[in-house]
Amino acid sequence: IASLVTPNLPELAALGGEAKLAAMARAVLIKGGHGDGDVLTDRLVTGSGEKARWADARIDTTSTHGTGCTLAAAIATGLGQGMALEAAIARARQFVRAALEAAPGLGRGHGPLGHAAVRL
């Protein structure tokens, strides 16, 4: 009954793969942050195939704790404001990228994003 499912690559594999999940969900945003390479790609798919894709350079940071939750919340905010799904995803991705860039670098390991510093 969800409007959108937002698995990362390991979660997608655990849920049975793209074809299975896309057949069951209204829309799936496959997040590419766990992939290899300097460019990460997120893809929006439905049961009828790929609807959109976004690709950006990977941001070199260890402050990645909460990126998935932040992205999902930002998408939900956009949908609640009446935005179309693709526009809500695009704006949410901008927010997460800005929060990654503004991360305060706290602690060791995967620290928090810099949510408070972002104003879109």
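Are arginine 93 and aspartate 42 buried or exposed? Both residues are buried. The close-ups below come from a predicted model.

**Figure 1. Arginine 93 pairs with aspartate 42.** The two side chains form a salt bridge, with an N to O distance of 2.7 Å. Arginine 93 sits in helix α4, residues 85–101, and aspartate 42 sits in strand β2, residues 39–46, so the bridge ties together parts that are 51 residues apart in sequence. Side chains of opposite charge can pair when their charged atoms come close.

Figure 2. The relative accessibility of arginine 93 is 8%. Buried means under 20%, so arginine 93 counts as buried.

**Figure 3. Glutamate 50 meets arginine 43.** Their side chains form a salt bridge at 3.0 Å, N to O. How exposed is each partner? Glutamate 50 has a relative accessibility of 38% and counts as partly exposed. Arginine 43 has a relative accessible area of 19%. The cut-off for buried is under 20%, so arginine 43 is buried.

**Figure 4. Glutamate 50 also meets arginine 53.** This salt bridge spans 2.9 Å, N to O. Glutamate 50 therefore takes part in a salt bridge with arginine 43 and in another with arginine 53. Which residues make up the network of salt bridges here? Glu18, Arg43, Glu50 and Arg53 are linked in it. How many salt bridges does the count come to? The count is five.

**Figure 5. Valine 39 in strand β2.** Valine 39 has a relative accessibility of 48%. Exposed means over 50%, so valine 39 counts as partly exposed instead. Which residues are in contact with valine 39, leaving aside its neighbours within four places in sequence? Ala55, Asp56, Ala57 and Arg58 are.

**Figure 6. Valine 39 and arginine 58 across the chain.** These residues lie 19 residues apart along the chain. Their C-alpha atoms are separated by 5.3 Å. Arginine 58 is one of the contacts of valine 39.

How values were computed
Residues are numbered from 1 along each chain as its sequence is written. This is a predicted model: local features need pLDDT of at least 70, side-chain atom pairs count only at pLDDT 80 or more; totals for chains, interfaces and linings use all residues. Side-chain values use heavy atoms; hydrogens and water are left out. A salt bridge is a side-chain nitrogen of Lys or Arg within 4 Å of a carboxyl oxygen of Asp or Glu. Helices (H or I, at least four residues) and strands (E, at least two) are DSSP runs, numbered from the N terminus. Buried means under 20% relative accessible area, exposed over 50%, partly exposed in between (1.4 Å probe, protein chains only). Contact means heavy atoms within 4.5 Å.
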